[in-house]
Amino acid sequence: MLNDGSIVRCALRGKIKKELQLKKDKLYLLDPVAVGDIVEIFLEKDNFGAIEKIKERKNYLSRKAPRIKGAGFRGERLEQIIASNIDRLFIVTSLKKPNFNNRMLDRILVAAESGGIESKIIFNKKDLANLQELQSWSELYSHLGYETFSTNALTGEGLERVKSIVQNGISLFWGASGVGKSSILNFLFPELNLKIGDISDYSKKGTHTTVTVTMMEVGENAFVIDTPGIREIAPYGIKKEDLGHYFREFVRFIPDCKFNSCTHNHEPGCAVREALEKGFIDKKRYVSYLNILNDLEDGIYF
Ligand SMILES: Nc1nc2c(ncn2[C@@H]2O[C@H](COP(=O)(O)OP(=O)(O)OP(=O)(O)O)[C@@H](O)[C@H]2O)c(=O)[nH]1
Ligand SMILES: [Mg+2]
Ligand SMILES: [Zn+2]
């Protein structure tokens, strides 16, 4: 979109594409241009431009590209940028259909924390949930300082505040397939008329109703981004000894670990594990932490 609001189709110059994808002579980035990027273009025709430059990003959300797409380069997995320059991320989850997956939620939170992006958590499909279970998950995350919402995208219950938040800036909606991302956006902005999955779609592995990341204008200086559902997420480019910093409740204990490079796993004198034993850190979050840590140990990082 140009400054005057008109839309121009653009391609990235081949030379620039190659340059941007490389790091230390190795390909590391799947696609250098992301939704949300601010670019300089050369207008070749009225409705066609060439991207000359990508402006520095305020922030961006990324993950390791899924194996199928990224496997092209010596089996290493590339970085895939989901979107950039965003003001907030709404992580959409459901308790049932599909079942709540706290490990995926924690992985998304790590990706957002490491990308410098504020996260809010939506527990959608409230009508299908066990309300006690819903409340206990919601309390866990709100105590960590994340704003949480319990919603029903079919009736609009719980979406009033979401609606007021998205009136300003760029809001990204991300989460597993079938949790109701597009349904929520359709309820908030019926004119978007986004495609919604069949009632049984949540269980159909490998099918996504939304297939591309798309940014839509919903008001003056207000944009929402709908994304395809994810099946797996591995945060990209995080070092083992840094992972703990992206678990908010660990941060105040980390300086008291005996070793600077503590990974809070089995090192002696670990203040994070001590906090866990004393009940200051929730066991479920610590298990998520170990699960991601284990992935990082197998990964290759630049
Ligand atoms: N019972 C109930 N069903 C819902 C709710 N929100 C969405 N659904 C249903 O869940 C199914 C999936 O909704 P979508 O909005 O397509 O989910 P999505 O997250 O956009 O899925 P992908 O595009 O595949 O990532 C549809 O059948 C919706 O009608 C809700 O709050 N309650
Ligand atoms: Mg969708
Ligand atoms: Zn430690």
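L134, W137 and Y141 are the buried residues of helix α4. Look down the axis of α4 and these buried residues fall within an arc of 75°, so they line one face of the helix. This is a predicted model, by the way, so everything here is read off predicted coordinates.

What do the buried residues of α4 pack against? They sit against two strands, β9 (119-124) and β10 (147-150). After α4 comes G145, which has a positive phi near 105°.

The protein splits into domain 1 (9-79), domain 2 (87-226) and domain 3 (240-298). Taken over C-alpha atoms, the centres of domain 2 and domain 3 are 28 Å apart.

How many residues of domain 2 are in contact with domain 3? Ten, and they meet nine residues of domain 3. On the domain 2 side, helix α3 (residues 102-114) gives the most, with seven residues. Sorted by class, that side of domain 2 has three nonpolar, three polar and four charged residues.

## Helix α3 up close

Back to α3 for its geometry: the helix has 13 residues, and its first and last C-alpha atoms are 18 Å apart, close to the 18 Å expected at 1.5 Å a residue.

In the loop between β8 (88-94) and α3 you find P98, and the peptide bond from K97 to P98 is cis, with omega near 0°. Just after α3, G116 has a positive phi of about 70°.

In soluble globular proteins, nonpolar side chains tend to be buried together. Here the largest nonpolar core has 57 residues, and the members that touch the most others are L61, A83, L89, I91, L172 and F173. Helix α3 turns up again, giving the most to this core with six residues.

Which residues does L172 touch, leaving out those up to four places away in sequence? The list is L61, A83, I86, L89, F90 and I225. Of these, L61 falls within the bounds of domain 1, while L89, F90 and I225 fall within those of domain 2.

## Helix α6, mostly covered

Helix α6 (residues 181-188) is mostly covered, with six of its eight residues buried. Those buried residues are K181, S182, S183, I184, L185 and F187. Among the elements covering them are the strands β8, β9, β11 (169-175) and β13.

K125 is not a glycine, yet its phi is positive, at about 60°. You'll find K125 in the loop between β9 and α4. Is K125 buried or exposed? With 26 C-beta neighbours inside 10 Å, K125 counts as buried, the cut-off being 20 or more.

H264 is another non-glycine residue with a positive phi, this one about 55°. H264 lies in the loop between β13 (222-226) and α7 (271-277). H264 counts as buried because 26 C-beta neighbours lie inside 10 Å.

L2 belongs to the segment before β1 (9-12). L2 is exposed, as there are 10 other C-beta atoms within 10 Å. L2 and I38 are 36 residues apart along the chain, and their C-alpha atoms are separated by 9.8 Å.

R161 is part of helix α5 (residues 160-165). With 12 other C-beta atoms within 10 Å, R161 is exposed; 12 or fewer is the cut-off for that. R161 and F149 are twelve residues apart in sequence, and 8.6 Å apart in space from C-alpha to C-alpha.

Notes:
Residues numbered from 1 in each chain as written. Chains lettered and ligands numbered in written order. Predicted model: local features only at pLDDT ≥ 70, side-chain atom pairs only at ≥ 80, totals over all residues. Domains from an automatic or database assignment. Contact = placed C-beta atoms within 7 Å. Helix = DSSP H or I, 4+ residues; strand = E, 2+ residues; numbered from the N terminus. Nonpolar A, V, L, I, M, F, W, Y, C, P; charged D, E, K, R; others polar. Arc of directions from axis to C-beta. Core = buried A, V, L, I, M, F, W, Y, C linked by C-beta atoms within 7 Å. Expected span 1.5 Å × (residues − 1).
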